[in-house]
Amino acid sequence: MKFIGIIPARYASTRFPGKPLAMIGVKPMIQRVYERASMALDEVIVATDDERILSAVEAFGGRAVMTSDKHRSGTDRCYEAYCLSGSDADAVINIQGDEPFIDPSQIEALKGCFDRPDTCLATLVRRFDPSAGWDALFNPNTPKVVLDDEMHALYFSRSIIPYVRNHPWQEWIDSTTYYTHVGLYGYRADTLAHIVQLPQSSLELAESLEQLRWLQAGYRISAAVTDCPTIGIDTPADLERAVEYIKSIEE
C-alpha cells in the first residue's frame, strides 16, 4: 500500500493561538512534526487554513496546502487536503500537529494495521501505566478504549472502561489492563471519503469523541499498541516543558 501523511495545522486556538509556529529550540513545532513523520512516510503534507503556517512550511522545504477554515475536525481537513494534493495514496495517516516528538515507530505500527485486508480505519492505543495513578486514569481528557480479541476498538470513552464489578474501585488498576487512546488515525482513502459525509452521532455528541461517529455508523477501527511516550503541546506550559526536553537531547 501507498501511504500519505497529512498534518492538520490551524493557527487559531482558544488555549494557544499560533501553536504550530511556536519555536521548540531552533525549529517551529510544525517543522519538528513534519520531519518526524517524514522518517516513516515518503509523502507528507501540512493541511492548514493560515498563510503564515503555509509560508513557514514552505520555508523549511516542506509541502503544505491551504484548506477551508470551516472544518469541524482534523479528519475533514485531511480529506480536503488529500483531494487537493493529487495523491494516489491508498491510505491517509492523520498526524496531530502538536506532537513534535512523535516516534516514527508509532506511524509504522499504524501502517501495519493495514496489512489486514479488512482494515479500513486504524488508530493507536497505549497500555495504561498503573504507576501513573488514579488521577491520570480518571482524567476525562485522556480517552479510554476497550478492544476485542482481534484488536478492534469496541468503544472509546472519557469515563473509565471497563467497570470492574467484583472489585472495589481502589483495586481496578491492578485487576485489569486499561488502554488509553493515542490520537493518531489511519484511513483507507475511500473510507475517508465516506466518513466525512456522516452526520454527527449521538454518542459522539455525548462524549465529544469523533471516532464514536464511525463506530456508531458500523465501521470497525483496528488498533495497534504503542508503548512510546508522547509529549503533546496543548498549552504554553506544555511548550516550556518541550523546550526544556529538546535542550536535554540536542545539547
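This passage covers the overall build of the protein and then its charged side chains.

The model is a predicted one, so local features are given at pLDDT of at least 70 and side-chain atom pairs at pLDDT 80 or more, while totals for chains, interfaces and linings take in all residues. Residues are numbered from 1 along each chain as its sequence is written, and side-chain values rest on heavy atoms, with hydrogens and water left out.

Start with the fold. The protein has ten helices and eleven strands, counted as DSSP runs (H or I, at least four residues, for helices; E, at least two, for strands) and numbered from the N terminus. Its radius of gyration is 18 Å, which agrees with the value near 18 Å for a compact globule of 251 residues; this figure is taken over C-alpha atoms, and the globule rule is 2.2 Å times the number of residues to the power 0.38. Along the principal axes, the C-alpha atoms fill a box of roughly 60 × 45 × 30 Å.

Buried stands for under 20% relative accessible area, exposed for over 50%, and partly exposed for anything in between (1.4 Å probe, protein chains only). Of the contacts between residues at least 6 apart in sequence, 67% join residues at least 24 apart, a contact being heavy atoms within 4.5 Å. The accessible surface comes to about 12100 Å², and 49% of that belongs to carbon and sulfur atoms (Shrake-Rupley method, 1.4 Å probe).

Now the charges. There are 24 positive and 36 negative side chains, with Lys and Arg counted as positive, Asp and Glu as negative, and His and the chain ends not counted. The centres of the two sets lie 3 Å apart, each charge being placed at NZ of Lys, CZ of Arg, CG of Asp or CD of Glu. Side chains of opposite charge can pair when their charged atoms come close. The salt bridges number 13, each one a side-chain nitrogen of Lys or Arg within 4 Å of a carboxyl oxygen of Asp or Glu.

One of them joins E35 to K27, with the closest N and O atoms 2.8 Å apart. Both partners are partly exposed: E35 at 28% and K27 at 24%. E43 pairs with R63 at 3.8 Å, N to O. E43 sits in the loop between helix 1 (29–38) and strand 4 (44–48), and R63 in the loop between helix 2 (51–59) and strand 5 (64–66), so this bridge ties together parts 20 residues apart in sequence. Here E43 is buried at 17%, whereas R63 is partly exposed at 35%.
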